[in-house]
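Please look over the structure below.

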Amino acid sequence: MTDIIIVGAGTAGLSAAIYGVRAGKKVLVLEGNAYGGQIINTPEIENYPGIKNTSGFEFATGLYEQATGLGAEVKYEEVQSVEDKGSHKVVRTGQGEYEAKTVILATGAKNRSLGLPHEAEWVGRGVSYCATCDGAFFKGKVTAVAGGGNTALEDALFLSNYCEKVYLIHRRDQFRGDEKTVAVLRQKENVEFVLNAKLNALLGENGVEGVEVEDKFSGEKRELKISGFFVAIGQEPQNALFSDLVQLDPGGYIIAGEDTKTNVPGIFAAGDGRTKTVRQLTTAAADGAVAALAACAYIDT
Amino acid sequence: MEPITITSTNFEQEVMNSDVPVLVDIWASWCGPCKMLSPIVDEIAATADGFKVGKINADDEGELAEKFNVTSIPTLLVFKGGKIVNQSVGFIPKEKVLELLK
């Protein structure tokens, strides 16, 4: 039996793995996608204490090599269920079944989608959740950004440097994001604000060719011809699998305090998927350390 | 075998006119997830049986990427008889890459 199974190989999960193996425990990390989590798409990290400047990819690779080098095992298997058997836990994946004394849920968060028809299907064919990753493909083209927070504003600004034109589509007329960025965007000749707008549909044959928006008040419909559609409406947790296992808050985050303890003994929650106010790289790493040491204490007592 | 570097010059010959299915990895040096997928594609190329593997640098071959409406990388395309039969965007584990070829 494994001592600690960690679900998710992002910053929280791999930090937990490092602390777990260094405490002499047998650690298995299960990841359905790439190691590194959300940070791999960040071009530059400049706020991680002790590291002046690095890329998300380098940071994630360093974490991965550190964890596996110390003896943690990482398997690319998507977790389908976690069951609490009291004395131990059973984790099932598409490929097999694993038993562990403790489980750390470090599933993080993913980009929230609008849920428009074709949205998921056309990711990589015009739909994107990451302007800094995909912006280069839209040089000289017309794009749209959907959202009203800082990410949406910064994405619009970033794209305005590449694109012929950028529509900033927001459902209200006030932005949640920084006023200063809004002011800069207003000065940009190639940025058009589309406010109080409802997104009706993505248009196209085999990828994004346009988007239909509707004015919330007048009901007037408009078709914007675009080749790129950037969704920037925040993150959401990925804990639906665990809704019968541990308590979740109404937003879907696992309810656990700074000690990372869930309502189930031996199951811990670390990283962006936990209820908390600050979701940063450092807090994810900190959660990983706390959860691993809490798991060790649980096993040893 | 090492993956073939696909350019606009050899695309017809290596991909469109290939007798066997071709797995094509579209990547760029600035893309983190591409660097994670790349060794997996190399591994698959090394033991490829009944298909071949190629790579397209999206920065050098912008027209090829645009031709297939690629707007995010890494993108994997599987060609059979000159047509795209499967595709995938973003990092995926080795098993899922191999599934694209089935």
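A disulfide is a pair of cysteine sulfur atoms within 2.5 Å. By this rule there are two disulfides over all chains. This is a predicted model, where local features need pLDDT of at least 70, side-chain atom pairs count only at pLDDT 80 or more, and totals for chains, interfaces and linings use all residues. Residues are numbered from 1 along each chain as its sequence is written.

**Cysteines**
- In chain A, C130(A) is joined to C133(A), S to S 2.0 Å.
- That link of C130(A) and C133(A) is right-handed, with 70 degrees about the S-S bond.
- C130(A) is buried (under 20% relative accessible area; exposed is over 50%, partly exposed in between, with a 1.4 Å probe and protein chains only), at 16%.
- The other disulfide pairs C31(B) with C34(B), the sulfur atoms 2.2 Å apart.
- The torsion about the S-S bond of C31(B) and C34(B) is about 85 degrees, so this disulfide is right-handed.
- C163(A) has its closest cysteine sulfur in C130(A), 14 Å away, which is too far for a bond.
- C163(A) is buried, with a relative accessible area of 5%.

**A loop residue**
- N196(A) lies in the loop between strand 11 (191-194) and strand 12 (197-203) of chain A; strands are DSSP runs of E, at least two residues, numbered from the N terminus.
- N196(A) counts as buried, at 13% relative accessibility.
- The side chain of N196(A) reaches the backbone nitrogen of D173(A) at 3.3 Å.

**Confidence**
- Chain B averages a pLDDT of 94; pLDDT is the predictor's confidence in each residue, from 0 to 100.
- The complex gets an ipTM of 0.84 and a pTM of 0.87 from the predictor.

Methods:
Chains lettered and ligands numbered in written order. Heavy atoms only, no water. Helix = DSSP H or I, 4+ residues; strand = E, 2+ residues; numbered from the N terminus. Polar contact = N/O pair within 3.5 Å; in protein donor to acceptor, adjacent residues only side chain to side chain.
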